[in-house]
Amino acid sequence: MARMKGAELIANFLVQEKIPYVFGICGHGNVGLLDALYDVRDKLKLVSPRHEQTAGHMADGYFRVKHQPVATLTSTGPGSANLIMALAVAQTDSSALLAITANVPTSQFNRGPFQELNRHNQADFPNVIRPVVKHSFQPSRVDMLPLALRQAVTTMSSGRPGPVNVDVPYNLFQEEAEVALETTWAGVNVRRSGASPADIATAAAMISAAKRPVFFIGHGVTLSEAGPQLTDLVHRLRIPVISSPNGMGCLNMDDPLSLGFIGRNGAYPANQAGRYADLVIAIGGRFDDRSASSWLPGYSWNFPNCKLIQVDVDHAEIGRNYAPDLGILADARTFLIQLLEQAERGTLATGATIATWHAEIEKWRTEWEAFIHPGFELHASPIRPERIVADCRSVLPDDAIISLDSGIHHNWFMQFWKARRPQTMLNTWGYSGMGFGPSSILGAKLAAPDRPCVSICGDGGFTMVPHVLCTAVEYNIPVVWVVWNNFAWAAIRDLQYGYFDGREIGTAFYQGPEGKPYNPDFAAWARAAGVEGMTVTRSQDFKGALEQAVRLNKPCLIDVHVDANVRPPATGAWQLPPLPHKEPVFGAKYVPKK
Ligand SMILES: Cc1ncc(C[n+]2csc(CCOP(=O)(O)OP(=O)(O)O)c2C)c(N)n1
Ligand SMILES: [Mg+2]
C-alpha cells in the first residue's frame with residue numbers, strides 16, 4: 001500500500017499495463033490526470049488530436065493492427081460526448097480500447113455543475129456511453145480505482161474484445177488514499193476455450209460428408225490470430241473461403257481458395273458458392289445484412305437448405321440470424337487447431353467430390369473475371385474506380401495497412417481488394433462511421449511505424465475530420481490519405497438514383513447559381529496544414545503519385561478525381577425495407593430444383 005493521488009494511480013496503472021499511448025484531449029475535468037501523465041511521459045506518450053472522435057478511432061486502429069489496447073482520455077461532458085461515435089465503431093467491430101472519461105466532482109453530484117448531465121441520475125455520463133461499451137465503471141472514491149481499472153482491462157481484452165469505459169469524477173485525480181495497484185491477469189487471446197470432443201467429432205463428420213463445403217470467416221478469425229491455422233486447414237481439405245471485410249487477409253486473398261467477400265458488393269464466385277454450398281462452416285462471423293444479402297434466401301446463403309456449423313467466442317452471435325445445425329462456443333484458433341488434429345488423425349477429410357465443387361467455382365470465377373476485366377483496363381478522366389483499387393494493390397507491399405471509410409469507395413474495395421495478410425485492412429463494418437478511416441490510419445501508423453499506412457476515404461468523409469492533417473504534422477505521423485473525390489456523398493446519391501428515380505437532394509456538393517460541383521482544393525488544404533498535397537485527375541498519373549507519396553515517408557494527401565457514374569456491380573442483394581430490393585446485376589437468386 002502506498003499513499004497516492006488517484007491520478008498517480010491511474011498513470012502508474014497504465015504504465016504497469018504497458019499501454020504505450022494515451023490519445024486524449026484536455027479539459028478542465030482532466031487536467032489533474034494530465035499532470036500525472038507528465039510524470040510518466042517517458043514511458044507513456046500522450047497524443048492529442050484535434051477531435052475526440054479521432055482520438056477514439058486512433059485507439060481503435062492501433063488495436064486492430066497490434067492487438068494491444070491503448071487508452072483515450074477525454075474531459076467532462078462534451079469532450080467525452082465527442083467520443084461516442086468512435087466507441088460505437090469499436091464496439092460493433094469488437095475492437096478494444098480503454099476510454100477514461102472525466103466527470104464532475106462527487107461533492108457536486110446532482111447540483112447541476114458545469115457540464116453535468118443530471119436529469120435522470122447524478123453524473124449520468126455512463127448512461128450516455130452504455131450502449132457503445134462492453135462495460136462502464138464509475139468509481140467514486142480513490143480506493144475504488146484499483147479494482148475498476150483491473151476489471152476494465154480484463155473486460156476489454158478478454159473473450160470478444162470491445163471498448164470499456166472508466167468514468168472518473170475529477171476530484172479523484174487530486175484526492176489521495178492508501179492504495180495498491182491490482183495486477184491484471186487477462187489479455188487478448190490469453191484464454192482460448194475450445195469445442196467439446198463430441199462437437200469436434202460431429203463437425204469433422206459433417207465436413208467429411210459435405211460435397212460443397214465452404215468456410216465463412218469473420219473478424220473473430222483475425223482477432224484470434226488464426227490465419228496460419230486456417231490456411232493450413234483449408235489447404236489440407238481444399239475447402240474454399242468466403243470472408244467478411246474484417247476477416248480479409250487471414251487467408252491470403254491471392255490464394256485460389258479465397259473467394260472474397262459475399263453480399264451485394266461481394267464477388268460473384270463468393271455469392272455463388274454461398275448459394276450452392278451444402279455446408280457452411282462459419283467462424284467468428286455475424287451474418288449481418290450486408291454479408292447475407294439482407295437474409296433474403298438464395299441471394300448469398302441458402303439456409304436452411306444448407307447445413308451450418310457456427311463457431312463464435314460470443315454466445316450472443318451463435319444463431320442470431322440463422323439457426324445452426326451445430327453451434328460451438330469456442331475461440332477460432334483453438335477450434336481450427338482441433339480440426340487440424342482431426343485431419344492429422346484421419347478422421348476429417350474431404351473426398352473426390354471436392355474436385356467437382358472446385359470445377360464449378362472455377363467456372364464462376366472465369367465468368368466473373370471476364371465481366372470485370374474491361375473496367376480494370378480503361379484509362380479515363382475522371383478515373384475509373386477499378387484503377388484506384390488495382391494501382392493501390394500494385395504499389396503497396398503485402399504488409400501495408402489500408403483503412404477505408406464509409407462510402408462507395410469502400411464498396412469497391414470490399415469487392416476487389418486482395419488483402420494478403422491479416423490486420424492490414426481496417427474497415428468500419430458494423431457501424432460504418434464516417435471519419436474512422438482517415439483517423440484510424442494515424443493509430444495504425446503508430447502501431448506499425450515501419451509499414452506504409454494509407455487511408456482511402458471519400459471526399460465527404462475526409463471533410464468530416466480534416467484536422468487529422470494537423471495531428472499528422474504535429475506528431476510526425478507519415479500516413480497517406482487518398483481522397484476519393486467524386487463531389488458527392490456518392491454511396492447515398494446512388495440510392496436516390498436506384499430507388500427514388502434520381503430525385504437527387506442533399507447528396508452532392510455544389511456551388512453557385514449554376515450548381516457547379518464544389519469541393520475544397522484538398523491538396524492546397526493539405527499544404528496549408530504542412531502536409532504534402534497532390535491532385536490527380538487522370539488515371540495514368542495515380543500510380544506514380546501513390547508511389548511518390550509512399551516513398552516520401554511524410555504525411556501526404558492525394559486528391560483523386562474518381563468517376564461517380566461507374567458503380568460497383570451488385571452480385572447479391574441489400575434491402576432498405578420496406579422498399580423491394582434490386583436484383584443483382586451479375587448473378588441471380590438460387591432457386592432450388594423441384
Ligand atoms: C458519420 C456518418 N454520417 C453519415 C453516414 C451515412 N453515409 C454513409 S456513406 C455516406 C456518403 C459518403 O460520402 P463520401 O465520404 O464522399 O464517400 P463516397 O460514397 O462518395 O465514396 C454517408 C453520408 C455515415 N455512415 N456516417
Ligand atoms: Mg464522395
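Modeller: Gly260 counts as buried because its relative accessibility is 8%. Buried means under 20% relative accessible area, exposed over 50%, and partly exposed in between, with a 1.4 Å probe and protein chains only. This is a predicted model, where local features need pLDDT of at least 70, side-chain atom pairs count only at pLDDT 80 or more, and totals for chains, interfaces and linings use all residues. Residues are numbered from 1 along each chain as its sequence is written, chains are lettered from A and ligands numbered from 1 in the order in which they are written, and side-chain values use heavy atoms, leaving out hydrogens and water.

Gly260 sits in strand S11 (residues 258-260). Strands (E, at least two residues) and helices (H or I, at least four) are DSSP runs numbered from the N terminus. Setting aside neighbours within four places in sequence, Gly260 contacts Val241, Ile242, Ser243, Met253 and Ala270. Contact means heavy atoms within 4.5 Å. Leu279 is 19 residues from Gly260 along the chain, and their C-alpha atoms are 18 Å apart.

Ile242 leads on to Trp301. It is among the residues that Trp301 touches, as are Phe216, Ile262, Val280 and Tyr322, not counting residues up to four places away in sequence. Trp301 belongs to the largest nonpolar core, of 102 residues. Such a core is a set of buried Ala, Val, Leu, Ile, Met, Phe, Trp, Tyr and Cys residues joined through side-chain atoms within 4.5 Å. Phe215, Val280, Trp301, Ile309, Phe335 and Phe413 touch the most other members. Helix H14 (residues 353-377) gives the largest share, seven residues. A second, separate core has 81 residues, including Ala36 and Leu149.

Asp459 lies in helix H18 (459-464) and Ala488 in the loop between strand S18 (480-485) and helix H20 (490-499), so the pair ties together parts 29 residues apart in sequence. Asp459 counts as buried at 1% relative accessibility. Ala488 is also buried, at 3%.

S18 belongs to an open sheet of six strands with parallel pairing, ordered S16-S15-S17-S18-S22-S21. Two strands pair if DSSP finds at least two bridges between them.
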